[in-house]
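Please write a short report on this protein model.

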Amino acid sequence: MVGLSVGEQHFLKGGIAQDLRADGRKRLTYRPIYVETGVIPQANGSARVKIGGTDVIASVKAEIGRPSSLQPDKGKVAVFIDCSPTAEPTFGGRGGEELSSELALALQKCLLGGKSGAGAGIDLSSLLIKEGRVCWDLYIDGLVISSDGNLLDALSAAIKAALTNTAIPKVQVSAEMADDEQPEIDISDEEYQQFDTSSVPVIITLTKVGAHYIVDATAEEESQMSSAVSISVNRVGHICGLTKRGGSGLDPSVILDMISVAKHLSESLMNKLDSEISAAEACEDEDLLKCKRAGTLLTRLISFLYSIVSGSLFKVKKHNKLHEDCDILGGEMRIEVMRSAKI
């Protein structure tokens, strides 16, 4: 919890009222966004997102599972969030657990929609392998490394980036099996399919401070909020979910205005995230290419050194006439550097 003096509170609220926040931004301006993908090699997909001083990591792990009896034609997705006490002292103990559960529930609703599945950002049927028998279970984990406000939006962006980075192995299922038998499956080690994130929404949180609301609130600004509304919007501008926190009520007309603003901001935010994710993916591919090139050079170097040792380029002779010689081990052995065109 950020503690501000009375003077600091008046300064912060006065700046927001004049559309000039403490860090120089306008009310509806985001802090710089940084995205890095492939940060956890053991996961099927991962990403790190920094928005100002807020730093989070999301990872996606795909495991073979069994569809539930209520939805035999769909896979499963579970979201877990961990608010590290190193990010904020108040995250230690029960406070961190409650916040983690609150964030995980909001993100789960954002990705999976309501009970009917309406507004879902992830198509669970795409995770099905064999109806009623085999499916993919996606485990999405988020970790808060550093907290300076706007955690929900940052985690939403990190999960979107991690899903974009996710590659799921292709699976072959045995055709013949009894009704009560679990089918045999063959998971490919070479062929993968990228996860479709075209419907995955972004979350835009509008925080009301005084008589105005702002986006991407810092921790100091959140300490002075009366309420906050988080709206998830997909690429085509459809509202996928809405959550509110804070004790102060909001007039329906204000909520409708917030939704309109969120829809307007979602397009630019989505484009910014897409640009950052594409740049991060390109950087990751370039790093992999460098590693492959380094591996090829290392292989050639090893072959070259082996050829030297085996004598394919250099021949070791003892007490013969030499074109160029050097003493080895006190002159007992001599190395002749062959200059013949055959070498």
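## A strand-to-strand salt bridge

Glu191 is partly exposed, with a relative accessible area of 46%. Here buried means under 20% relative accessible area, exposed over 50%, and partly exposed in between, using a 1.4 Å probe and protein chains only. Lys170 is partly exposed too, at 38%. The side chains of Glu191 and Lys170 form a salt bridge, 4.0 Å from N to O. A salt bridge needs a side-chain nitrogen of Lys or Arg within 4 Å of a carboxyl oxygen of Asp or Glu. This pair links distant parts of the chain: Glu191 sits in strand S8 (residues 185–194) and Lys170 in strand S7 (residues 167–173), 21 residues apart. Strands (E, at least two residues) and helices (H or I, at least four) are DSSP runs, numbered from the N terminus.

This is a predicted model, so local features need pLDDT of at least 70 and side-chain atom pairs pLDDT 80 or more, while totals for chains, interfaces and linings use all residues. Residues are numbered from 1 along each chain as its sequence is written, and side-chain values use heavy atoms, without hydrogens and water.

## Other salt bridges

The count comes to eleven salt bridges. One of them joins Asp216 and Arg25, at 3.3 Å from N to O. Both residues are buried. Shared partners join Asp23, Arg25, Arg31, Asp148 and Asp216 into one network.

Arg48 and Asp55 form another salt bridge, with their closest N and O atoms 2.6 Å apart. Arg48 is partly exposed at 23% relative accessibility. Asp55 is buried at 8%.

## Nonpolar cores

A nonpolar core is a set of buried Ala, Val, Leu, Ile, Met, Phe, Trp, Tyr and Cys residues joined through side-chain atoms within 4.5 Å. The largest core has 63 residues, and Ile122 and Ile140 touch the most other members. A second, separate core has six residues, including Leu4 and Ile214.

## The largest pocket

The largest pocket has a volume of about 750 Å³. A pocket is an open set of points on a 1 Å grid over the protein atoms alone, with protein on both sides within 12 Å along at least five of seven lines; lining residues have an atom within 4 Å of a point. The volume is the space filled by probe spheres set on the points, which are joined across faces, edges and corners.

The lining has 27 residues, and Phe91, Leu99, Leu151, Glu222 and Arg245 lie nearest the centre. Helix H2 gives the largest share, eight residues.

Conventions: On a 1 Å grid over the protein atoms alone, a cavity is a set of points where a 1.4 Å probe fits but cannot get out, and a pocket is an open set with protein on both sides within 12 Å along at least five of seven lines; lining residues have an atom within 4 Å of a point.
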